[in-house]
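The following report describes strand pairing, nonpolar cores and helix packing in the structure shown below.

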Amino acid sequence: MVELSESLNLNRIRAAQERIRPYVHRTPVITSERLDEASGALLFFKCENFQKIGAFKARGATNAVFALDDASAQRGVATHSSGNHGAAVARAAKLRKIRAHIIMPSNSAKVKIRAVESYGAQVIFCEPTEEAREATGAEVIKKTGATLIHSFENEHVIAGQGTAAVELLEGVPDLDVVMCPVGGGGLLSGTAIAAKSMRPQIKVIAIEPTNADDAAQSFRAGRRLVTEKKFTIADGLRTNIGQPNFEIVQRHVDDVVTVSEQGIVSSMRTIWETMKIVIEPSAAVPYAAIIENKIDTSGKRVGIILTGGNVDLDALPWSCSPDR
């Protein structure tokens with residue numbers, strides 16, 4: 001198991017912010033009077049769908065790749081990813097002019113495969129299970145000597161992801177609540193450390209699909225549970241939360257709630273139609289919790305991290321059943 005050091009704190013996140021500044025966007029925070037009125041809250045959306053590679057993952061991957069010493073970097077980097085993290089590592093490697101090996105499940109969305117390939121990385125396909133991803137990744141690393149850039153069990157990745165929350169709170173310092181999705185827990189870990197350090201009274205709420213609710217079950221049980229995932233349209237959240245990430249969640253996160261597949265689709269469509277921006281299903285999960293009244297946001301100032309906007313336009317969710 002990967003252990004995270006006690007030095008994973010706001011200072012590390014601010015150091016990551018400086019390291020990645022030349023390579024990522026400071027994404028906008030936007031609002032919608034219509035969604036404020038519907039929710040009874042003031043909602044502030046941190047638009048990581050406008051980030052490089054179309055997702056927040058650019059932050060953590062860039063920080064991790066540029067934190068490598070020169071000798072390690074020259075051996076290249078590797079990761080296993082369903083898409084956004086893979087593209088982020090591929091892009092960061094291209095910027096640093098080193099090799100990248102990206103292991104992707106055979107059922108990854110075509111738009112995400114194309115994104116990884118566009119940065120010149122080597123794509124290696126494997127069966128769509130965590131065991132296959134890890135085994136294939138270990139083989140590639142043994143053969144090439146590349147450094148593993150894990151998508152969430154990596155201090156530099158977590159610190160990089162936390163920079164989104166730092167920017168959000170720098171722009172809107174008096175938030176009552178910050179909400180973000182949880183899959184492996186990299187973004188949630190970084191968000192929780194940053195938010196609680198900058199504003200100790202803030203509530204940090206994590207949201208995941210009911211069909212992939214290992215983090216919620218673990219949070220209630222007080223120990224990490226590994227569950228078998230059902231289908232969820234939020235493909236970026238199918239991963240079980242990492243053990244070191246869960247330990248951060250136990251210390252800093254106030255609640256983990258779940259939302260239905262229909263709620264995710266409704267949230268995604270509402271944001272597309274109302275805010276005129278493209279977000280992917282995983283990014284729609286926090287607002288779905290508001291639609292489904294899973295948390296009380298009435299009268300509160302709520303920050304929501306819209307995690308990405310990489311959508312397969314040939315398979316929009318409202319053109320097919322979310323329960324397929």
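Strands S7 and S8 pair in the parallel sense over five bridges, where pairing requires that DSSP finds at least two bridges between two strands, and where strands (E, at least two residues) and helices (H or I, at least four residues) are DSSP runs numbered from the N terminus. In this pairing Val177 stands opposite Lys203 in S8. The model is predicted, with local features needing pLDDT of at least 70 and side-chain atom pairs counting only at pLDDT 80 or more, while totals for chains, interfaces and linings use all residues. Residues are numbered from 1 along each chain as its sequence is written, and side-chain values use heavy atoms, with hydrogens and water left out.

S7 also runs parallel to S10, to which three bridges join it, and Val178 stands opposite Gly303 in S10. Gly303 is likewise the bridge partner of Phe44, and six bridges join S2 to S10 in a parallel arrangement. Five of the five residues of S7 are buried, a term for under 20% relative accessible area, with exposed meaning over 50% and partly exposed in between (1.4 Å probe, protein chains only). Val177, Met179 and Pro181 point one way from S7, whereas Val178 and Cys180 point the other way, and all are buried. S10 is mostly covered too, with five of its six residues buried.

The largest nonpolar core has 35 residues, of which Leu43, Phe45, Met179 and Ile279 touch the most other members; such a core is a set of buried Ala, Val, Leu, Ile, Met, Phe, Trp, Tyr and Cys residues joined through side-chain atoms within 4.5 Å. Among the elements that each supply at least two residues of this core are strand S2 (42-47), strand S7 (177-181), strand S10 (301-306) and helix H12 (261-275), while H13 gives the most, with seven residues. Leu43 touches Ile30, Thr31, Leu35, Asp36, Tyr287, Ile290, Val302 and Ile304, not counting residues up to four places away in sequence, contact meaning heavy atoms within 4.5 Å. A second, separate core of 28 residues includes Phe66, Ala90, Val116 and Ile149.

Two helix pairs are set out in the table, with axes taken as lines fitted to C-alpha atoms over the stretch in contact and angles running from 0 to 180 degrees between N-to-C directions.

| Helix pair | Axis separation | Angle |
|---|---|---|
| H12 and H13 | 7 Å apart | about 100 degrees |
| H1 and H3 | within 9 Å | roughly 85 degrees |

The angle of about 100 degrees makes H12 roughly perpendicular to H13, given that angles under 35 degrees count as roughly parallel, over 145 as roughly antiparallel, 65 to 115 as roughly perpendicular and the rest as oblique. The residues of the contact of H12 with H13 divide into nine nonpolar, four polar and no charged, where Ala, Val, Leu, Ile, Met, Phe, Trp, Tyr, Cys and Pro count as nonpolar, Asp, Glu, Lys and Arg as charged, and the others, Gly among them, as polar. For H1 and H3, Ala16, Arg19 and Ile20 in H1 meet Arg59, Thr62, Asn63, Phe66 and Ala67 in H3, and these residues divide into four nonpolar, two polar and two charged.

Elsewhere, an open sheet of four strands has the order S5-S4-S3-S6 with parallel pairing, and its edge strands, S5 (122-126) and S6 (147-148), each pair on one side only. Within this sheet, four bridges join S3 to S4, and His80 has Ile103 in S4 as its bridge partner.
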